[in-house]
Amino acid sequence: MSIATQGEGAIGAVRRSGEGFSMTALTSVLRRDLLLAMRRKAEVLTALFFFLIVSSLFPLGIGPEPALLRKIGPGVLWVGALLATMLGLQRMFYSDHLDGTLEQMVLSSAPLPLLVMGKIIAHWLVSGLPVVILAPILGLQFDLDPGALWILALGLLIGTPVLSLIGAVGAALTLGVRGGGALLSLLVLPLYIPTLIFGAGAVQAHLSGQGAGGHLSLLGALLALALFFVPWATTAALRISLE
Amino acid sequence: MSHRLINWFKLSSPYSFFPVAGRLIPWFWALTVLFGIAGLYVGFFIAPTDATQGDSYRIIFLHVPASWMSMFIYIVMAFWAGMGMAFNTRLSSMWALSLAPTGALMAFLSLWTGALWGKPTWGAWWVWDARLTSELILLFLYLGFMALHAAIDEPRRADRAAAVLALVGVVNVPIIYFSVKWWNTLHQGSTISMTKAPSMAQTMLWGMLLMALCFWMYSIVAALIRLRAIILEREAHTDWVLRLPEAAA
Amino acid sequence: MIWNSMADFWHMGGYGLYVWGSVGVCAVALVWEQVLLKKRTQAILRSLRRRARAEKMDRELA
């Protein structure tokens, strides 16, 4: 089945799922977005390679002393994760907006927050999860011990969904707006900063012996907060952008 | 039906508020000057020299009011942007837009004075502690609000999109503030922990409060002037604007 | 009065540069904001006046 008919099938399923809290809407959108991402593997892999390269640039620019690298490692990897996530944000709504699918989704009777969640989960699976897996490996470049790598991965596991969630609001707000990509970064990066602080801070707390529990709990709180607010904010933003 | 209820809604149109804003401006200017003179007098001629920081501490009479205003204005801006979106009132959104540049300026002044205070006190122009850092983030939030609004051509869509952004930002402001409490920081605590007898702290506190009021009055003036300009720009096609004496040929 | 002389006041116990640097930038910033606002107001008024003049001419010609 071609992508086009797959897409039509998904939209059909979305329409049929109707009102009521049906997960079919979410899973249809999720499956469709994942399929489309697999078709455009290059885009996805580019963001990952970007993460790889950026992380390697810092030791090259700063120097190879292990003590120094251990200090900057968590921060560098987290910033790399932020930037890699951001590269993929435009993809969330843009192509659907171009071919009119997004408008169909908004007009359909399925609850828009669920459709939005489907898209966000797809974005995370494609942009965030690979970062979670890759980061500990890159962490070896920074001479981080296994405990620190574990905290890094755990923090990213909790934090990258937050990045996808917050990014969705930004992507919805800047849909079809002049200077979209740069403007999106300006809007979204300040909102990313608490996640960055707690995520990198968790590893640093672990390294200094204080234990990362507090930082990780805060990341969890951010995730809970984002899960609560973002679907509604994104829905509102989409309706505003599409009027 | 009470007349007051009707009057409120009448006032919520750009047409009716424009002259009201014009009449309010001189009063708020007067308050600005009054509080400014009082605050500067207390801050620079009555409050004594600090034992530990010498006279460099006097910067707090500018730094703290600017910080307070930058945070206060952001919340007020988000509130009115939200009102404009919820009730579809143009004036509310225009007022939010008027507040933004002044708020951003306050954030910038807070950072500048903070740096100039930090250098003699802690030895560095920029200390990456959470308080100064969250002020920097606030400045970015202001700039983001203004940039998003400017990037969207259709005014009402721009109002609504920026409102969503402001509301999302406002949820973040306490989170960022919380990271102050969480972090070990070089920055002063939320009150000036000037190690002095309470009577000394009194004059310093008074100076700060008076200057805060001064900055508050000034912010209202600047926002009102900007609001009148925005009203003229957005309502340029309407009858009442074209009939204004200032706009006559 | 807590200052012994005008010179002491400007000196600010050695911190004059920082204190007056702060006061100065605040003053400049607030004045600058007012200047920009004045320019903005005058620009919109000018354009409104121009339009009124154009419409007046149209009416006179008609």
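Ile44(C) is buried, since 20 other C-beta atoms lie within 10 Å of its own, and a residue counts as buried when 20 or more do so. The model in which this residue is placed is a predicted one. Ile44(C) belongs to helix 2 of chain C, which comprises residues 16-61. With residues up to four places away in sequence left aside, Ile44(C) touches Ala229(B), Leu232(B) and Glu233(B). Within its own chain, Ile44(C) may be set against Ile2(C): 42 residues separate the two along the chain, and their C-alpha atoms are 49 Å apart.

Chain B itself contains 8 helices and 0 strands. Followed along the sequence, its elements give the pattern α-α-α-α-α-α-α-α. Of the 249 residues in chain B, 45% are buried. When contacts in chain B between residues at least 6 apart in sequence are considered, 79% of them join residues at least 24 apart.

Chain B also meets chain A, with 20 residues of chain A in contact with 20 residues of chain B. Which helices of chain A each supply at least two residues of the side that touches chain B? They are helix 8 (146-173), helix 9 (180-207) and helix 10 (213-242). Helix 9 of chain A provides the largest share of that side, 8 residues. By class, the side of chain A that touches chain B consists of 16 nonpolar, 2 polar and 2 charged residues.

Attention may now turn to the architecture of chain A. The secondary structure of this chain amounts to 10 helices and 0 strands, and the order along the sequence is α-α-α-α-α-α-α-α-α-α. Chain A has a radius of gyration of 19 Å, close to the 18 Å that the globule rule gives for 243 residues, so it is as compact as a globular protein of that length. Along the principal axes, the C-alpha atoms of chain A fill a box of roughly 60 × 35 × 35 Å. Buried residues account for 48% of the 243 residues in chain A. Among contacts in chain A with a separation of 6 or more, 78% are between residues 24 or more positions apart.

In one of them, helix 8 of chain A packs against helix 9 of chain A at an angle of about 170°, the axes being 9 Å apart. Because angles over 145 degrees count as roughly antiparallel, helix 8 of chain A is roughly antiparallel to helix 9 of chain A. The crossing of helix 8 and helix 9 of chain A is right-handed. Their contact involves 17 nonpolar and 8 polar residues, with no charged residues.

Another pair joins helix 7 of chain A, residues 112-139, to helix 10 of chain A. These two helices pack at about 105°, and their axes are 9 Å apart; they are therefore roughly perpendicular to each other. Helix 7 of chain A contributes Leu112(A), Pro113(A), Val116(A) and Met117(A) to the contact, while helix 10 of chain A contributes Pro231(A), Trp232(A), Thr234(A), Thr235(A) and Leu238(A). The classes represented are 7 nonpolar and 2 polar residues, and no charged ones.

Helix 7 of chain A also packs against helix 3 of chain A, residues 41-62, where the axes come within 10 Å and cross at roughly 30°. How are these two helices oriented relative to each other, roughly parallel or roughly antiparallel? Since angles under 35 degrees count as roughly parallel, helix 3 of chain A and helix 7 of chain A are roughly parallel. Helix 3 of chain A passes helix 7 of chain A in a crossing that is right-handed. From helix 3 of chain A, Val44(A), Ala47(A), Leu48(A), Phe51(A), Leu52(A) and Ser55(A) meet Val126(A), Ser127(A), Pro130(A), Val131(A), Leu134(A) and Leu138(A) of helix 7 of chain A. This contact comprises 10 nonpolar residues and 2 polar residues, with no charged residues.

Conventions: Residues numbered from 1 in each chain as written. Chains lettered and ligands numbered in written order. Predicted model: local features only at pLDDT ≥ 70, side-chain atom pairs only at ≥ 80, totals over all residues. Helix = DSSP H or I, 4+ residues; strand = E, 2+ residues; numbered from the N terminus. Rg over C-alpha atoms; globule rule 2.2 N^0.38 Å. Buried ≥ 20, exposed ≤ 12 C-beta atoms within 10 Å, placed from the backbone. Contact = placed C-beta atoms within 7 Å. Nonpolar A, V, L, I, M, F, W, Y, C, P; charged D, E, K, R; others polar. Axes fitted to C-alpha atoms, helices over the stretch in contact; angles between N-to-C directions. Parallel < 35°, antiparallel > 145°, perpendicular 65-115°, else oblique. Left-handed = near helix turned anticlockwise from the far one by under 90°.
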